[in-house]
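Please walk through this structure one region at a time. Keep the sequence and the 3D view side by side while reading.

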Amino acid sequence: MRYDVIVIGSGQAGVPLAARLAEAGKRVLIVERALLGGTCVNTGCTPTKTMMASARTAQVARRAGRLGVHTGPVVVDLAAVVDRKNRIVEEWRAGVQRRLEASGDRLQWKHGQARFAGPHEVQVGDETHHAETIIINTGGRPVLPPLAGLEQVDFLDNASIMQLRDIPKHLIVLGGGYIAVEFGQMFRRFGSEVTILQRSKHLLGREDEDVAKALEDAFLAEGIQIRFGAEAKAVWKDQDGLRVELQNGTLVRGSHLLVAVGREPNTKDLGCDAAGIELDKRGAIVADEHYRTMAPGVYAVGDVLGGAQFTHNSWDDHRLLFDILNGRERHRSGRLVPYSVFTDPQLARVGLSETEAKEKGIAYEAATMPFANIARAIELDETAGILKVLIDPKTEKILGAAIVGIEAGELIHIFVSLMQAGATARAIVDAQAIHPTLAEGVQSLVMSLDRYKL
C-alpha cells in the first residue's frame, strides 16, 4: 500500500499530526502496536493524575481536623480508585479514536508492530507499506537496572502499579525521579509504608538543592522514608516479602518493589538500520533541529528523541513539525520547556536552575522565598514549599524560576508567559496583583530582589 505519510505511534505528537495532515489532503496511515493514545493516555498523565487526585483527597480528609472539620477514619478503597481511573482512561482513549475517525477516509490506522523494511518502507505484520514521509512517535519504556535477582521477583513499573487492587503493606521505590516521587507519595497516602531508595544525595537530581529539599521535607513530614546514597545490589523474595540489599550490605524489607529508575526510547524493534536511521548510545533517534533523521524523508518526534520527556513537549513537536512539513521555517532548538512534578506540593520549573547558571558561567541575581510567606497559602493551610527566581542583572529578563508549592504547575506559567514574550521581571513588579491569591506570592518573590525592594 502507498501513502503520502506513515506515522508510527499514536502518542501526543502522532495523533494530531496524522489527523491534521489527513485534513490537509494527505493520505495517511498511523500504526500503533499497543493502545491508542500512547503513554500519556494509557499509563502516564491521565491515569496517574486521576489516581493522585484520590490520594490527595484522602490526605485532605486526614488533615481536615486542623481546619476544625472532623471526618473520622479515612478508608481508601483502592479497587474503586482503579476503577475510576480505568473509566477515565477509556473515555480519553475513545476520544483519540474519534479524532482519527473524524479525519475521514484519508486517514487509516492499523494495529501491529511497525518495522522498517527499507528507507521508505514499513512492514506491519504481513503487509508492507510505502511513503515518502515517515514520522516516528514510538515513545519510551521503563529502564530495567542491572539488579541481581530482579527478573525472579514480581516487581512493578509505572503501568503495573496502577493495576493493583489491594494496598501494598510496604512499597519500596527504586529511584528518585518524577515517576518515583509521584507514586511514592500516592501510595503513602493510600496507606502504604513507603521507602524510597535514591542513589544520589537528593530527590529529583536535576533540581537545585534548596528546591529538592523543600519537596523532601514535605515527604518526610508525611512519614515517607528516604534513603540517599542507596545503591541497590540485589533483590529477592522470601516468606516475609521482598528484600533489597544495598551496596553497603544494608537490607531493606518490604512487600512490593516499584522500579522507577528512568525511561529509554522505544527503538529496539523498529528496524532503524534498514532505513539508515542513526541512534545515539541510549537508543534515542538522532535528529536535527527540524526533526529530520539521517534517513531522507523520515522524521522523529516526542520521547523517542530522548531529552525532556514530557507530553507537552511531544504535543509541541507536532505543532512545529506540521509547520515544517508545510514549508514554514520552524525549529525545535531554543524552546522553553516548562514542566511540573505532580506531587503535593507540586514542583514546577522553567528555564535555568541556579546550578546550571553557575556551571555555564551565566551571571544572575536570585531570590528565594518560603511558600509560607504567602497569605493565601496560610489561609489554605498549604504552606509547604519554596519559590525561586533568577534574572539577568543587565537586562532584567527572567532566566529561570522554580516553585515548590500548591498549584506550582499553574503558577509557573506566569514566568513561562513573560519569558516567552521576552518581558522583564519588572512586568511582575508593576502589575497589580489580586489579594489574596497565590499569584500574589510570585510578585512578592520578585520584589524581594534588591533592585525591586520598596
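**A charge over a ring, and the helix beside it**

R20 sits over the face of F322, 3.8 Å from the ring centre. A charge counts as over a ring if NZ of Lys or CZ of Arg is within 6 Å of the ring centre and within 35 degrees of the ring normal. This is a predicted model, in which local features need pLDDT of at least 70 and side-chain atom pairs count only at pLDDT 80 or more, while totals for chains, interfaces and linings use all residues. Residues are numbered from 1 along each chain as its sequence is written, and side-chain values use heavy atoms, with hydrogens and water left out.

Now turn to helix α1. Helices (H or I, at least four residues) and strands (E, at least two) are DSSP runs, numbered from the N terminus. Helix α1 covers residues 14-23 and is largely enclosed by the rest of the structure, because 8 of its 10 residues are buried. Buried means under 20% relative accessible area, exposed means over 50%, and partly exposed lies in between (1.4 Å probe, protein chains only). The buried residues of α1 are G14, V15, P16, L17, A18, A19, L21 and A22. Among the elements that cover them are β1 (2-8), β2 (28-32), α4 (78-101), β3 (107-111), β6 (127-136) and α8; contact here means heavy atoms within 4.5 Å. After α1 comes G25, which has a positive phi near 110 degrees.

The next topic is aromatic rings. A pair of aromatic rings is described by the distance of the centres and the angle of the planes. Rings of Phe, Tyr and Trp (its six-membered ring) pair if their centres lie within 6.5 Å; planes under 30 degrees apart count as stacked, over 60 as edge-to-face and the rest as tilted. There are 4 aromatic pairs in the structure. One of them joins Y178 and F310, a tilted pair with 5.9 Å from centre to centre and 40 degrees between the planes. Y178 lies in helix α5 (residues 178-190) and F310 in the loop between β16 (298-300) and α8 (311-325), so this pair ties together parts that are 132 residues apart in sequence. Y178 is partly exposed, at 25% relative accessible area, whereas F310 counts as buried at 11%. Y178 also forms a tilted pair with Y339, with centres 5.9 Å apart and planes at 45 degrees. Because Y178 is in helix α5 and Y339 in strand β17, that pair ties together parts 161 residues apart in sequence. Y339 is buried, with a relative accessible area of 4%. Y178, F310 and Y339 form one aromatic cluster.

Strand β17 (339-341) leads on to a loop. The loop between β17 and β18 contains P345, and the peptide bond from D344 to P345 is cis, with omega near 10 degrees. On a 1 Å grid over the protein atoms alone, a pocket is an open set of points with protein on both sides within 12 Å along at least five of seven lines, where a cavity is a set where a 1.4 Å probe fits but cannot get out; lining residues have an atom within 4 Å of a point. The second largest pocket has a volume of about 330 Å³, a volume being the space filled by probe spheres set on the points, which are joined across faces, edges and corners. Its lining has 16 residues, with R335, V337, G351, L352 and E356 nearest the centre. The elements giving two or more residues to this lining are β18 (346-351) and α9 (354-360). The largest share, 3 residues, comes from β18.

Which residues of helix α13 (residues 439-447) are buried? They are E440, G441, V442, Q443, L445 and V446. These residues pack against β19 (365-370), β20 (386-391), α11 (408-421) and α12 (426-430). In the loop between α12 and α13 lies P436, which is joined to H435 by a cis peptide bond with omega of about -5 degrees.

L204 has a positive phi near 50 degrees and lies in the loop between β9 (193-198) and α6 (209-221). L204 is buried, with a relative accessible area of 3%. D381 has a positive phi of about 60 degrees and lies in the loop between α10 (375-380) and β20. D381 is buried too, at 18%.
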